[in-house]
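User: Hi! I'm new to this one and would like a friendly walk through it. Could you take a look with me?

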Amino acid sequence: MSQEKGNNSFDNHDANERAGDDASLAALDISATSSIDDDILDTFYDRKHLQSVMMAALDYIDERIKEGLTLPYFVDIDPELWQEKSKVLDIYITDEIEGQALNLEARGKDYATNILSYPSDLPAAIIELMPTLPLGELVICHGVIVREAAEQEKTTAQHISHLLIHGVLHLLGFDHELGQAEQDEMEQFEIEILAGLSLPNPYT
């Protein structure tokens, strides 16, 4: 994204943190537009917490792959190679003004939405040569998430965790807008991943 908050603590990680990312087979890069201050990032977008949620989603998917699950956007990647490669995810936190513009550009909808997903969309032959597997980018509109959490009578942290899982599933190719069966499948994945994190079912 064009505007990045280069001085927040999530943009520059030291060698020890990166080593920890490699050990957990997931790297997470977080940036934000300039209107999102450090207090918001520190309170709601702690990198280690979001990484643990990301890993819960990926670990769950790994188990389902062993049971025969196919990832729509990675169907040409050998399942064993998928599981071996370290995954990389970019998260960008924005405000409602930029969020509305991005949603209009990406989906033709003139309002700010809670999360947008931009899959890496790389050919399998390229991914096979890369040391890490890029999942893509998630754009989170903080103001929308705060408002929705209040409306749904849940904490902002719970809503962020749910939407991060939701976004990761989108980056893998799952899409609840394709039909009822796809919606039911995606929601069940989310419910089970959240349960593994001791978080409630977001659909009840």
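**Salt bridges and a histidine site**

Analyst: Happy to! Let's start with Arg-64, which is partly exposed, with a relative accessible area of 25%; buried means under 20% relative accessible area, exposed over 50%, and partly exposed in between (1.4 Å probe, protein chains only). This is a predicted model, where local features need pLDDT of at least 70, side-chain atom pairs count only at pLDDT 80 or more, and totals for chains, interfaces and linings use all residues. Residues are numbered from 1 along each chain as its sequence is written, and side-chain values use heavy atoms, leaving out hydrogens and water.

User: Which side chain meets Arg-64 in a salt bridge?

Analyst: That is Glu-67, at 3.2 Å from N to O. A salt bridge here is a side-chain nitrogen of Lys or Arg within 4 Å of a carboxyl oxygen of Asp or Glu. Glu-67 is exposed, at 61% relative accessible area.

User: How many salt bridges does the structure hold?

Analyst: Three. Another one joins the side chains of Glu-63 and Lys-66, also 3.2 Å from N to O. Both of these residues lie in helix 3 (residues 47-66), three residues apart, about one turn of the helix. Helices are DSSP runs (H or I, at least four residues), numbered from the N terminus. Lys-66 counts as exposed because its relative accessibility is 59%, while Glu-63, at 43%, counts as partly exposed.

User: And what does Glu-96 pair with?

Analyst: Glu-96 meets Arg-147 in a salt bridge of 3.2 Å, N to O. Glu-96 is in helix 5 (residues 96-107) and Arg-147 in helix 7 (residues 142-151), so the pair ties together parts 51 residues apart in sequence.

User: New topic: which residues does UniProt list for "binding site"?

Analyst: The unreviewed UniProt entry lists His-166, His-170 and His-176. The lining of the largest pocket takes in His-166, His-170 and His-176 from this set. A pocket, on a 1 Å grid over the protein atoms alone, is an open set of points with protein on both sides within 12 Å along at least five of seven lines, and lining residues have an atom within 4 Å of a point. UniProt positions are in the numbering used here, feature names are shortened, and annotations may be inferred rather than shown by experiment.

User: Is His-170 buried or exposed?

Analyst: Buried, because its relative accessibility is 15%. His-170 sits in helix 8 (residues 156-172).

User: Where does His-176 lie?

Analyst: His-176 is in the loop between helix 8 and helix 9 (180-196). His-176 counts as partly exposed, at 25% relative accessibility.

Terms used:
1 Å grid on protein atoms, 1.4 Å probe; cavity = no way out; pocket = protein on both sides within 12 Å on 5 of 7 lines; lining within 4 Å. Helix = DSSP H or I, 4+ residues; strand = E, 2+ residues; numbered from the N terminus.
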